[in-house]
Amino acid sequence: MMDTSGTELPLRLQVSSCLKTLSTSRDSREIVHALRTLVSCLEDGESTRIHHTRALQVLVSARGLHWFSRSHDKDEEEMKKLWGEIIIRGPAEQTLLILLDTISSTGESEALDRCVSALEIFLSAARLQVLLWSRCEVGGASSNSPQLTETVIGHLAALPSITSNHLHTNTPDLFLPQQYYPLLAASILDTLEKTCHALRAGQDCSLGFVSQVLGKVCIQGYSSQMFETLGPRLSSVTRVDSLYQRVTQKLLENVPERCTESVITGLIRSLSGAAAVSRLMGNLVLTNKKAQFVLTHKLLLQQYQHPTGLLKSVLGYLAVDSERRLLLKQVLRSLCQVWCNSSAVKHTCVEQQLYVSKALLLCVALLDDSEIQELRQEMLQCMLGGVQCRLDSNVERIRRMGMVVGECLSHRLDTPGSQLKFQYETDEEISELKSLMESLSVKDDEEEQPDTSNSLQRELKVEASVLSQSVASDPGNGNESELDSDDDLTPYDMSADQEKKKSAPPRYVRDCLEGLMSSDDAERFELSLQVAETLLRKNVKAAQEVSVQFSKVLLHLEDRYNTALFLSLRQNAMVALTVTDIKPVVDYWTTEFYALNYSLRQRLDILEVLALAAQELSEPITNKPTVAQPITAVTALGQSDDITHWRHVVDQRIQSKTRRISKGVTQPVKAVPNRYAAVAGFFFFPLLRSYDRPQTTFDLLGGDHLVLGRLMHTLGLLMHLAVNAPVVSQMGRALLDFVWAVRFHTDQMVRRGVMFAVCAVFLSMPSENLLTELGDDLMETRAWLADVAESDCDSYCRSLAVQSLMLMDKNLKSQLHIPDMEI
């Protein structure tokens, strides 16, 4: 013991002397000599462990040193070389902690530059690998305290954040996440490889520390950067090395529970198939409850932002092993329950429903026939309930989604004579859903090489077919080339000929009406419909005499002869009647809207005609007659959920009413004379009189929410067109009462209509009247709009709620004389 202390004392004194020289001297020769002596003192492992930390602290934190950046003589290269040797010789953990702590606590100085340079040397010299491996060796650094271990893990995972928070734009590229995390991932790969070699040599190892580092990085949001390097390499090496498979599975098993989701998600997204996931994860889903929850519930039912490839990998991973197939059947039951839940259809966005539909089809495709028979009852209930609740939706994508999934489930259940079949237009989304039912391969994730032999044969057949057709059609071959005696005659030009009509188009309104009522003359019917709008606009007096009768005929008119542009011609004639004889015709439309025995299409037609007529009447009065430009296209019933054009005008006014600092104060809408202001009440109030009276064939507040949603949009548009009209305040009060009754409707289109109507009220009503009409409901209205803006599942509803809040605040400020903040 005395010998040891006798040799230790001079070494300690030498180190102290060197550090004092390095801290105070400005002579390059003295600095080089001190560095050489210090390097020789730290050659021994025990001495390095004892003295390196203190030496490094002095070197990187001493103030006033100028030798590192200002020496320009021949000693500079040797100093930097010796400096690098000191950095890479010491314990990796202590070096990393000292460098990062010094960077985060040191201001701009040469000491900070030295520390940054030292950290670059540390990372470039593969010291991360040394650090990780020292923690894997049993009996090594793993005996340190849990507090120190947690500190080291935190510094490893947050190195880019620690450095960039202090260095800002001067952060070296090596410290940025794009370079650092792939470097850390490569170090983990090197550590796993060393672990495999050590296990083959009979040495025990522990991967707990590496698992914690991986989990810490992933939970901080950098899983993609890590697994871009880890995923492909692990997938490749585990294909041929079973020991590497067990090591990788052990790595994932040791990941902390709170980090399991981020690690598993990042891993699966980086792999190319279910076979690779199975090799790397093993039966983790059976032994780890958190992993089971993530894989069988959260990734499939709670999240929907992941690509289809992730769904294939997750479900294929459950299907590839017999022990995990029980979980696959459990997942199918859960998906069936969610897919046929009508509440989920109403309260979740279309993207999430599409995601669940993909998962359901993939799951069904992975089941064999015996499992299908076992789950037949659940699948049948899912098919019937899910298809029905989606066909009741107003959103076309949801309806088509229900049709496609219903067809696929029906085909898989193989119900003879009762398979579902729908008619719909095919697009990319539909094609992708159908492709998911094709047989999925989960045995290998390698891409198969295309079979060029079959494709070559097909090309040869096509070329032969084209050649034979060209030979057969060539007039220079065979007997076909001989011309008949009549072929040299010049053909008569008939391009300008027109088919002779048996009937002439009607010239009078009453004749046109009779032509539309005739059921046995198709030509007369078509001619009458084509000229109906023109006759009604030209002969105002004659049109007013038969306006109500003409409206009744047009409302009940059917396309018996498949007339071209039938819907457009019929709608234009109905609009012409409305603007020609306003009060009687509008009264007829609004009365028939709530009458018995009308189809949904007819009621929607009435709303479209009223909106178009109101728009035409709201145009400024000029000497020249104006014709309304359509604000909504005439569509079939299946496409009636598209109301984008209706909102365009209101959206423009919202933009004009929204103040932007760069544009200054906007001017209010200028009042101009028009024909609509005097009759706005005739359009608006009758549509509100019977909305709460259910009838045998029409229940507006019940199942006919498609019409309710369109009615809300129509009322909002009528309200918007009545801006500056005397009756606008009464219209706004009545519309707000109607909105208040249906503001919590479950249907997405109705809620959109509600928010559209609210925006129209705030845009059209004068500020003073709006404050008076709202009265005590002002705070409740604001709270409701804030709740919609925050929690509604539809993005359009949230956007309109925010705009409504902005308009309300603007109106209140102007009324209460609160000036806007000028910047």
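Here is a short tour of a predicted model of one protein chain, from its overall build down to a few single residues.

## The chain as a whole

The chain has 823 residues, and 48% of them count as buried. Its secondary structure comes to 41 helices and 0 strands, so if you go looking for a strand in this model, you'll find 0.

How does the chain connect with itself? Take the contacts between residues at least 6 apart in sequence: 75% of these join residues at least 24 apart.

In soluble globular proteins, nonpolar side chains tend to be buried together. In this model, the largest nonpolar core has 142 residues. Which residues have the most contacts inside that core? They are L156, M281 and L360.

L156 is a handy one to click on. If you skip its neighbours within four places in sequence, L156 is in contact with L96, L128, L131, L132, Y180, L184, F209 and V213. Apart from this core lies another, with 98 residues; A532, F698, L706 and V739 are among them.

## Where α31 meets α32

Next, have a look at two helices: α31 covers residues 566-580 and α32 covers residues 582-593. Their axes come within 6 Å and cross at roughly 125 degrees.

Which residues make the contact? On the α31 side they are M574, L577, T578, V579 and T580, while α32 brings in I582, V585, V586 and W589. Sorted by type, the residues of this contact divide into 7 nonpolar, 2 polar and no charged.

## Two residues with positive phi

Finally, two loop residues are worth a stop. H168 has a phi near 55 degrees, which is a positive value in a residue other than glycine. You'll find H168 in the loop between α10 (159-167) and α11 (177-200). Is H168 buried or exposed? Its relative accessible area is 56%, and the cut-off for exposed is over 50%, so H168 counts as exposed.

N724 also has a positive phi without being glycine, this time near 70 degrees. Where is N724? Its place is in the loop between α36 (705-721) and α37 (728-742). With a relative accessible area of 44%, N724 falls between the 20% and 50% cut-offs, and therefore counts as partly exposed.

Notes. Residues numbered from 1 in each chain as written. Predicted model: local features only at pLDDT ≥ 70, side-chain atom pairs only at ≥ 80, totals over all residues. Heavy atoms only, no water. Core = buried A, V, L, I, M, F, W, Y, C linked by side-chain atoms within 4.5 Å. Buried < 20%, exposed > 50% of the residue type's maximum accessible area, 1.4 Å probe, protein only. Contact = heavy atoms within 4.5 Å. Helix = DSSP H or I, 4+ residues; strand = E, 2+ residues; numbered from the N terminus. Axes fitted to C-alpha atoms, helices over the stretch in contact; angles between N-to-C directions. Nonpolar A, V, L, I, M, F, W, Y, C, P; charged D, E, K, R; others polar.
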